[in-house]
Amino acid sequence: MDKKALFDSVSNMEEQIGELYQQLGDLKQNLGDMLEENNRLNLENEHLRRRLEELDGKQHVSAVPVDKELGAMAPARKEAMRQMIEVGEGYDNLVKLYKEGFHICNVHFGSPRGNDEDCLFCMSLLNKK
């Protein structure tokens with residue numbers, strides 16, 4: 001094989017490697033996008049299931065007669081309990097996201113953390129509770 005043919009072969013191989021590297025980068029980006037969407041959809045499904053269970057529970061509760069002497073829980077107390085539950089659920093969801101390898105901070109929210117490295121912004125958010 002002469003030198004020119006060898007040089008052309010190496011140049012051709014270099015171009016192919018560059019194209020493969022570009023394709024690999026595109027695949028990596030698509031995979032990251034799909035993981036983020038999958039995680040978002042899982043959280044949404046979980047929330048909808050809880051909401052459905054809550055609505056089903058309210059239907060069963062409304063069928064049960066209320067004790068006239070004790071009455072129902074005060075509306076303000078119901079609202080306070082609901083907010084406490086939502087805050088707890090939101091925090092738990094953030095912890096779950098972080099443990100699955102995603103950022104929860106406002107700087108990089110939803111993007112995958114590289115090599116499961118800790119993020120100072122995310123850690124400060126988790127430690128505020």
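Entry 1: I began with Asp 8, which forms a salt bridge with Lys 4, the closest N and O atoms being 3.6 Å apart. I count a salt bridge when a side-chain nitrogen of Lys or Arg is within 4 Å of a carboxyl oxygen of Asp or Glu. The two residues are separated by about one helical turn, because they sit four residues apart in helix α1. Helices here are DSSP runs (H or I, at least four residues), numbered from the N terminus. Asp 8 is partly exposed at 38% relative accessible area, while Lys 4 is exposed at 58%. My cut-offs: buried is under 20%, exposed is over 50%, and partly exposed is in between (1.4 Å probe, protein chains only).

**Entry 2: notes on the model.** I am looking at a predicted model, where local features need pLDDT of at least 70, side-chain atom pairs count only at pLDDT 80 or more, and totals for chains, interfaces and linings use all residues. Residues are numbered from 1 along each chain as its sequence is written, and side-chain values use heavy atoms, leaving out hydrogens and water.

**Entry 3: other salt bridges.** I found six salt bridges by this rule. Lys 96 and Glu 46 meet in one of them, at 2.9 Å from N to O. This pair links distant parts of the chain, with Lys 96 in helix α2 and Glu 46 in helix α1, 50 residues apart. Arg 50 joins Glu 46 and Lys 96 in a network of salt bridges. I also noted Asp 118 with Arg 113, at 3.9 Å from N to O. Here Asp 118 is exposed at 58%, but Arg 113 is buried at 8%.

**Entry 4: the record.** Which residues does UniProt give as "binding site"? The unreviewed entry places this feature at His 103, Cys 105, Cys 119 and Cys 122; such annotations may be inferred rather than shown by experiment, and the positions follow the numbering used here, with feature names shortened. They are spread over 20 residues of sequence, yet cluster in space, with a largest C-alpha distance of 8.3 Å.

Entry 5: Is Cys 122 buried or exposed? Cys 122 is buried, with a relative accessible area of 0%, and lies in helix α3. Cys 119, in the loop between α2 and α3, is buried at 8%. Leaving aside neighbours within four places in sequence, Cys 119 is in contact (heavy atoms within 4.5 Å) with Tyr 98, His 103 and Cys 105.
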